[in-house]
Amino acid sequence: MIRALPRTGRQLLATAGALVLAVTTVVALSAAPASAHSQAEVIQAACGSGYDIVSDGTRTIRTPSGTVYGYVYLTYNASNGNNCVVTRKTAYHGTPTRTRVQIGVQQSNGTVVYYDDAGDYSHYANRTVYAADRCVNYFGWIWNVPTASTAAGTLASGGRTQLGNCG
């Protein structure tokens with residue numbers, strides 16, 4: 001036989017339920033979301049000191065539908081002649097997903113040699129190459145799938161295919 005709670009018991013149960021809901025809501029709202037590193041932070045971490053973003057050195061990485069997954073930066077260090085290119089994740093930041101960066105360096109005979117970094121990264125992919133007095137292009141890719149072995153998923157890409165920043 002099921003007994004009905006006295007009115008005070010029902011009130012106590014309703015109050016306890018409301019309290020649990022309120023505490024859960026406060027905890028959920030106060031939990032800090034994972035935030036992406038700032039542009040300056042990721043360049044410092046990926047390239048080191050002395051690197052500055054070059055003119056035309058920032059491109060958005062978007063899906064075909066226009067969703068932004070991150071940015072790709074082309075930087076240069078005048079003291080050592082190195083370019084450093086970084087794909088910075090803003091979507092799926094903190095989650096290992098397939099992330100790739102590429103820089104192409106034009107050689108004296110006109111051919112372009114490509115240098116890549118790719119893997120299941122949580123924050124960024126980067127590649128540094130010597131490119132003083134050379135024209136370069138750069139590109140970045142971010143997938144929304146958790147591992148490189150997963151074939152399905154959405155690909156975001158962006159960069160500059162034309163050679164530039166010569167010298």
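**Disulfides, strands and confidence**

The structure holds two disulfides, a disulfide being a pair of cysteine sulfur atoms within 2.5 Å. This is a predicted model, in which local features need pLDDT of at least 70 and side-chain atom pairs count only at pLDDT 80 or more, while totals for chains, interfaces and linings use all residues. Residues are numbered from 1 along each chain as its sequence is written, and side-chain values use heavy atoms, with hydrogens and water left out.

Helices (H or I, at least four residues) and strands (E, at least two) are DSSP runs, numbered from the N terminus. The torsion about the S-S bond of Cys 47 and Cys 84 is about -80°, so this disulfide is left-handed. Are its two cysteines buried or exposed? Cys 47 is buried, at a relative accessible area of 13%, and Cys 84 is buried as well, at 0%. Here buried means under 20% relative accessible area, exposed means over 50%, and partly exposed lies in between (1.4 Å probe, protein chains only).

The other disulfide is formed by Cys 135 and Cys 166, whose sulfur atoms are 1.9 Å apart. This pair also links distant parts of the chain: Cys 135 sits in the loop between strand E6 (124–130) and E7, and Cys 166 in the segment after strand E8 (155–164), 31 residues apart. With 115° about the S-S bond, the link of Cys 135 and Cys 166 is right-handed. Cys 135 is buried, with a relative accessible area of 16%. When bonded cysteines are counted along the chain, the disulfides follow the pattern 1-2, 3-4.

The elements around these links can now be placed in order. The chain has two helices and eight strands, and along the sequence they follow the pattern α-α-β-β-β-β-β-β-β-β. Which strands pair with E7? Strand E4 (residues 97–106) runs antiparallel to E7 and is joined to E7 by seven bridges; two strands pair if DSSP finds at least two bridges between them. Within E7, Tyr 138 is the bridge partner of Ile 103. E7 and E8 also pair in the antiparallel sense, over seven bridges, and Trp 141 stands opposite Ser 157 in E8. E7 is mostly covered, with seven of its eight residues buried.

For the chain of 167 residues, 32% are buried. Its accessible surface comes to about 9,500 Å², and 56% of that belongs to carbon and sulfur atoms; such areas come from the Shrake-Rupley method with a 1.4 Å probe, and for residues only the protein chains shown count as cover. Of the contacts (heavy atoms within 4.5 Å) with a separation of 6 or more, 61% are between residues 24 or more positions apart.

The mean pLDDT (the predictor's confidence in each residue, from 0 to 100) is 81, and 74% of the residues reach 70 or more.
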